[in-house]
Structure formats: C-alpha cells, structure tokens
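Have the structure open while you go through them.

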Amino acid sequence: MAESCETATMAAAEPSTDKQDGEAVVRSERAPATTRKYQTVVTCVRNPAKFWVRFGEAKVLKDFEGYLATLNEWCSLQKGSLIELPKLRSYIAVKLDTCWHRAQVLDISSDERLSVYCIDTGVSAEVGVDQICAKQMPILTQQPSQAIQCCLADIATIENDEWSEAAIERFKCLVQNCLSSVYLEFETIKLVEGQTRAEVLLFVSYSNSNVLTGTKSVGKILSEEGLAQVASIIAVPVACL
C-alpha cells in the first residue's frame, strides 16, 4: 500500500472536477473565510508549500472527531467481503493502517487495486479490495470533506525552489506535534486555484497548565532558524464557496 499527500481536497457531495498539475481535483464544499483565525489540525504534509489541514472552531473539530469514531466503529463491525468493485468517483470507506477513512475512488487498475484520495486528510493511497469496507455507512457523505490543501504565505525556499529535508522535518515537527501543550491556528490570506487551495499563515501556541505562554508564526520560526526566507504577503480577498 502506497500512501502520500498528493491532491487537493474533495467534496462529499456531487463532485466538481478540475485539473491541477495534470491531476484530477475536486473542489471542497468547505472553504475558510479570509482574515479569520481557525483552530487547526494538520493532517498531511509534503512540505511548507503543500500540506493539508482540518479547520474550524474547537467544537466543530471535536464533533467531527466524534463522527470519525462512529465511522470507525461501524466499519469495524461489518463482516464479509466486498461484493462488487465501487464505481469511479464514488465515495467509500477504506482502512489505512488501523483506521477507517472516507475516500473517493479516482482510478481502478486491471488487478483490482484502487487509487483513492482520503477526503478528510489529503492523503492519497493505493488500496486492495480487502481494505474497503464491505458495506457503506448510510451517513458516509453526511459531512462535507474536511481537508483543504494549504501553503504558507509568509515564507519561501532559500534557493533552487526546493525545500530542504531539514526544513520539511522541522515543519512537520512544529505542526504535527502531538503534545497537549501545543495547538495550531491558521489565517487564510488568499484562496486560489478555483478555491481548491489556500495560502495561509500558521501559528503555533504554547501553554503551561492550560495558560497560553506565547504564540508565534511557523513561517517566522523557520526563517529565524535559517530554513526559509521571508516572503512578502499580498492579501487578496476571495469569496468563499
């Protein structure tokens, strides 16, 4: 099974398909408003210019975690084998590692391997029929897709337009830190590519005994550590979906 963070977010209703870098992209039903901060969970990282987040108020994120828990419990109880292959562009539940995820089918190979995009994380994967839930949960598409592809708006690479491994690993460390003393917020500067991507500022906050002790831009941290250079920001308001 191959997994990667490859494409923009997808909607959980009738898809609207575009092309981005030669890949099929389905627009998200859920886009962030500009100039507003949201609590954020970074779900998938390629580099500081290509990562995926779930965003919203704390209650929104918590409620969706509850929805995912229900999805995982329901899928785990389903017995038997898949009767027929899902159709292209259909939505299914797939198991990656130990968790079930909502995904959209983007390709089916001759050996019955499916290429899917996980609509709540931005992860792409190739799965076998044994990784597909035998029955589809009735409320599978009740919630819109949650992940949106982002890039940091306030920094750029040092040279050659390529992110160094050190910069990527440091970025992952900052934004995917599981410590309870760290939480993330992001602010959208601009929505681009038909609103399939967002240029954002990302902030990491530290707390001590649930009392905030400081907030800092992730881009600023990377530039101060010599892993990126500061980029100018031009705010361009774009209406949300």
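**Notes on the model**

1. Gln-78 belongs to the loop that runs between α1 (58–76) and β6 (91–96). Its relative accessibility is 19%, so Gln-78 counts as buried, the cut-off being under 20%. The Gln-78 side chain also comes to 2.8 Å from the backbone oxygen of Trp-74.

2. Before going further, a word on the overall picture. Please keep in mind that this is a predicted model. The protein chain holds three helices and 15 strands. It has 241 residues, of which 48% count as buried. If you take the contacts between residues at least 6 apart in sequence, 64% of them join residues at least 24 apart.

3. The largest nonpolar core is made of 26 residues, and the ones with the most contacts inside it are Phe-51, Leu-152, Phe-171, Val-175, Val-218 and Leu-222. At least two residues of this core come from each of β4 (37–47), β5 (50–56), β10 (148–152), α2 (165–175), β13 (197–208) and α3 (218–224). The element that gives the most is α2, with five residues.

4. Phe-51 deserves a look of its own. With neighbours within four places in sequence left aside, its contacts include Val-42, Cys-44 and Val-45. Phe-51 is also in contact with Ile-148, Gln-149, Cys-150, Cys-151 and Leu-152. Phe-171, Val-200 and Leu-202 are on the contact list of Phe-51 too. Apart from the core in point 3 lies another one, of 15 residues, and Val-94, Leu-114, Cys-118 and Ala-125 are among them.

5. How do β4 and β5 pair? The sense is antiparallel, and the pairing runs over seven bridges. A hairpin of two residues joins β4 to β5. As one example of a bridge, Gln-39 has Gly-56 in β5 as its partner.

6. On α2, the buried residues are Ala-167, Ile-168, Phe-171, Leu-174 and Val-175. They sit on the same side of α2, because the arc they cover around the axis is only 130°. This goes with a general point: an α-helix has 3.6 residues a turn, so residues three or four places apart point the same way. Cys-173, by contrast, has 42% relative accessibility, so Cys-173 counts as partly exposed.

7. Cys-118 has a relative accessible area of 2%, so Cys-118 is buried.

8. Ser-217 is part of strand β14 (residues 211–217). Is Ser-217 buried or exposed? Buried, because its relative accessibility is 13%. Not counting residues up to four places away in sequence, Ser-217 touches Asp-154, Leu-202 and Phe-203. Leu-202 also turned up in point 4, as a contact of Phe-51.

9. Two backbone angles to check. Arg-89 has phi near 70°, which is positive although the residue is not glycine. Arg-89 is placed in the loop between α1 and β6, and with a relative accessible area of 29% Arg-89 is partly exposed. The other is Asp-97, a residue other than glycine with a positive phi, near 60°. Asp-97 lies in the loop between β6 and β7 (99–108). At 64% relative accessibility, Asp-97 counts as exposed.

10. Thr-70 and Met-137 are 67 residues apart along the chain, and their C-alpha atoms are separated by 9.8 Å. Thr-70 is in helix α1. Its relative accessibility is 38%, so Thr-70 counts as partly exposed.

Notes. Residues numbered from 1 in each chain as written. Predicted model: local features only at pLDDT ≥ 70, side-chain atom pairs only at ≥ 80, totals over all residues. Heavy atoms only, no water. Helix = DSSP H or I, 4+ residues; strand = E, 2+ residues; numbered from the N terminus. Buried < 20%, exposed > 50% of the residue type's maximum accessible area, 1.4 Å probe, protein only. Polar contact = N/O pair within 3.5 Å; in protein donor to acceptor, adjacent residues only side chain to side chain. Core = buried A, V, L, I, M, F, W, Y, C linked by side-chain atoms within 4.5 Å. Contact = heavy atoms within 4.5 Å. Pairing = 2+ DSSP bridges. Arc of directions from axis to C-beta.
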